[in-house]
Amino acid sequence: MQKILFTAIFLVLSFFAKGIWASTTLQIYNGFDIHNATIELENIEQELSKKNLNYEQLYSTVKLINDLQDQASNCVDDGKEQLKKLNELLNNNEIASTLSHQNDARYHELIADKQLHVKAIADCVFFNYQAQEILNKINAMMGNTPMFNLLNRSPPVWEDFNPKLFFRIAFSRDKFTHMSGFNKLSSAQKATTVMILFICFFMALIVQKIISTFKGSFHNKLVNNLLTSLTKSGLFFLLVLIGPIIYLYSLLGNETPKPTLLLASNAILYYAFTLILIRFFVILFRQYANDSDKRLLSDIYLRGIVFVTFLLWGRLATIALQDQWIPPALLRFRFVVFCTLLILSFGWFSWLIFRLPFFKEKMSPSSLRNIKFSLAGIYFFTIVTAWIGYSNFAIYFIPNVVTTLVILFIVWKVSYYFGYLFALLNNPGQPASEKIHRWLGIKSTQTLTELLVIRIILNTGFIVFSLFLLMKVWGISQYHMDYLKTWYFQGGYVYGIYLWPVRFVRAAIAFCLLLMVGRALSTFVARHSAFKREKYRQDNIATLINYSAFSIAAIIALLIAGINFTSLAVIAGALSIGIGFGLQYLASDFVSGIILLIHKPVAPGDRVIIDGTEGYIKKIRLLSTQITTLTNADVIIPNSHLINKSVTNYTYRENKICRVNSQVILDSNGDLGLAEKVLLGVVKDHPSVVQEMPYTPTVSYELVPSKDNLHVTMELWYYIKNIDLKQDVSSEVNFNIVKALKEHNLCPGHYTE
């Protein structure tokens, strides 16, 4: 009875444990909690529908969803792998039939596991679908969420402005005191701040006095002028502000929001530093300037002070009005007036550029007048846009224009220096150019195409980088900028074609550099004598290295560019059927050229007969061989002919001895013995005929029957020492044979008394 009870309890506990395990596995599958992820996705969707999120919040939400999608994708992949194993077991007829007939619990467990995995995969796939829908919604929102909107228009100032608003300003001193943080300082801390102020003041005086004692004591004029500028500009008196500000930051730095006392102190410190810096450079340059330049420097200092002071007033006014209730119309009026004064002061300051020597000496009066008119038009246009409601545009327009001009100037200078560097490495007459052209084995007047491509790529890359900076300056949506960056660095589809620009750029640069290295290596091989009296072999090896370098560079470039070689192999296989027939002869000639290079059956300078063409081999290339015939004509013969057909080489392995025959026909009734002695006597004393064995001259006979008489053909065989003299020696021997036969009355048709 106890055994039955224990068995029942065990079965019940096993059932519940199995259910708990199944539910846990279903909710947390391979580390991915589907239930919690779905709840988080629903919360994100609710926030998107209720709140106007800024760009940073949207961006962090996208990152969170992408992480969840990656986990869900891993869940699907792992689930499919487990499902594949379960299906293999269940589809095995022997195992499945055995377990099912015996009603084995393991069979039902396999079925339950399969259903569990199918449900988990379905949940993960559906989660990915929901996440993608939310991502599409966020992408649409991010596309309309710029970092700051320059074209955001408010009502014009005159529409809702009322002069009575000036008398309705409810400035709260309590709020101002509370926001300043001054009331948070104890009396001891305030006294310490004042004491630090005086200590820093006296320290600045001491440093000033010490530095002033060194004035004029150096032999270097520049050092003396720098010390004079330091002492007169009052740069050391920045200590008076820096010391107390550091102490205040130690007391109030952790307050939120930041107290206006710290903000105002920072603004005053920046203002003082800017003024002192302007004064330092004005005093320094005045020591080298003439009277007119001194007046210009004085005006720069004066107008610079006015412009920087307007900036300080605007900053201090903004700090003072924090947490104060000011009518919106009055705030807009204040901001427009500030923009107008700031633009006018900047225009007054920038007008000094027309007193620079460049505008005075190098520009015509009409051009100068046009530039002044354009600049005044820009300032007037900016002020008008501020008054009609485009305050953001007005306050950022001129700084953005100046920044754009600076960026364009930098782009122009960088492009100029790229061109200058390319000219140093490419133009004839430059030492570096001559050296590189010599390394690469090309003429000094030939353009270095690889360097030109690298220059264009670098120029384009810097221009693209500058465009991103300009988009940032002009407030282009961060979403679009991120989209372009992602497309550039990670690739994307354009009209159905997947492009990966950064990989293409790297591939092009790598291809050019490897090609230049291969060309330099081939030039090195071609110029260094590795084979005695076989310069053609060096040239062919150099050419082979050049081809190999090109192939290796192309393959590496394709790998860097991310080309799929599987699809490329399919395309190449399809094209090879048609192209193979057209290239088979070219491949045969190339392989034959390599065989000629290794086995050397012929060499330049050899006298050969190929396809009935006799002449001297002039040059052996990888695809063809150039032969100069005896009539001084050049014949180009494919290398495959030298391998597949018979070739007569008179000078194989430097053997220049050549066999020549001279043939005469005599009457059988004549003195053949005398004729043989005459023929042998003609070549016996000739200096170009070899007399040693086994090359001694011989005479052979051949009968030529005819209708009336019997004739004998006598052939004189002899060897000459140099095949190059074959024509001359043969002609001279034939002439002497005829002459000798006539002297002995053996020449047919010719008899002497």
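Leaving aside residues up to four places away in sequence, Glu715 touches Asn661, Ser662, Gln663, Thr698, Val699 and Ser700, where contact denotes heavy atoms within 4.5 Å. The model is a predicted one, in which local features need pLDDT of at least 70 and side-chain atom pairs count only at pLDDT 80 or more, whereas totals for chains, interfaces and linings use all residues. Residues are numbered from 1 along each chain as its sequence is written, and side-chain values use heavy atoms, with hydrogens and water left out.

Glu715 belongs to strand E12 (residues 710-720); strands (E, at least two residues) and helices (H or I, at least four) are DSSP runs numbered from the N terminus. With a relative accessible area of 16%, Glu715 is buried, the classes being buried under 20%, exposed over 50% and partly exposed in between, for a 1.4 Å probe and protein chains only. The side chains of Glu715 and Gln663 are joined by a polar contact of 3.0 Å.

The largest nonpolar core comprises 23 residues, of which Leu679, Met714, Leu716, Tyr718, Val733 and Ile737 touch the most other members; such a core is a set of buried Ala, Val, Leu, Ile, Met, Phe, Trp, Tyr and Cys residues joined through side-chain atoms within 4.5 Å. At least two residues of this core are supplied by each of strand E10 (658-667), helix H24 (672-684), E12 and helix H25 (726-743). Another core, of 20 residues, lies apart from it and includes Ile65, Leu68, Leu83 and Ile121.

Rings of Phe, Tyr and Trp (its six-membered ring) are paired if their centres lie within 6.5 Å, planes under 30 degrees apart counting as stacked, over 60 as edge-to-face and the rest as tilted; by this rule there are 20 aromatic pairs. The ring centres of Phe310 and Trp313 lie 5.6 Å apart with the planes at 80°, so this pair is edge-to-face. Phe310 and Trp313 are separated by about one helical turn, because they are 3 residues apart in helix H12 (residues 291-320). Phe310 is buried, with a relative accessible area of 16%, while Trp313 counts as exposed at 54% relative accessibility. A tilted aromatic pair is formed by Phe409 and Trp412, at 5.9 Å centre to centre and 45° between the planes; both residues lie in helix H16 (residues 391-426), 3 residues apart, about one turn of the helix. Elsewhere, ring pairs link Phe381, Phe393, Phe397 and Trp474 into a cluster.

Definitions and conventions: Polar contact = N/O pair within 3.5 Å; in protein donor to acceptor, adjacent residues only side chain to side chain.
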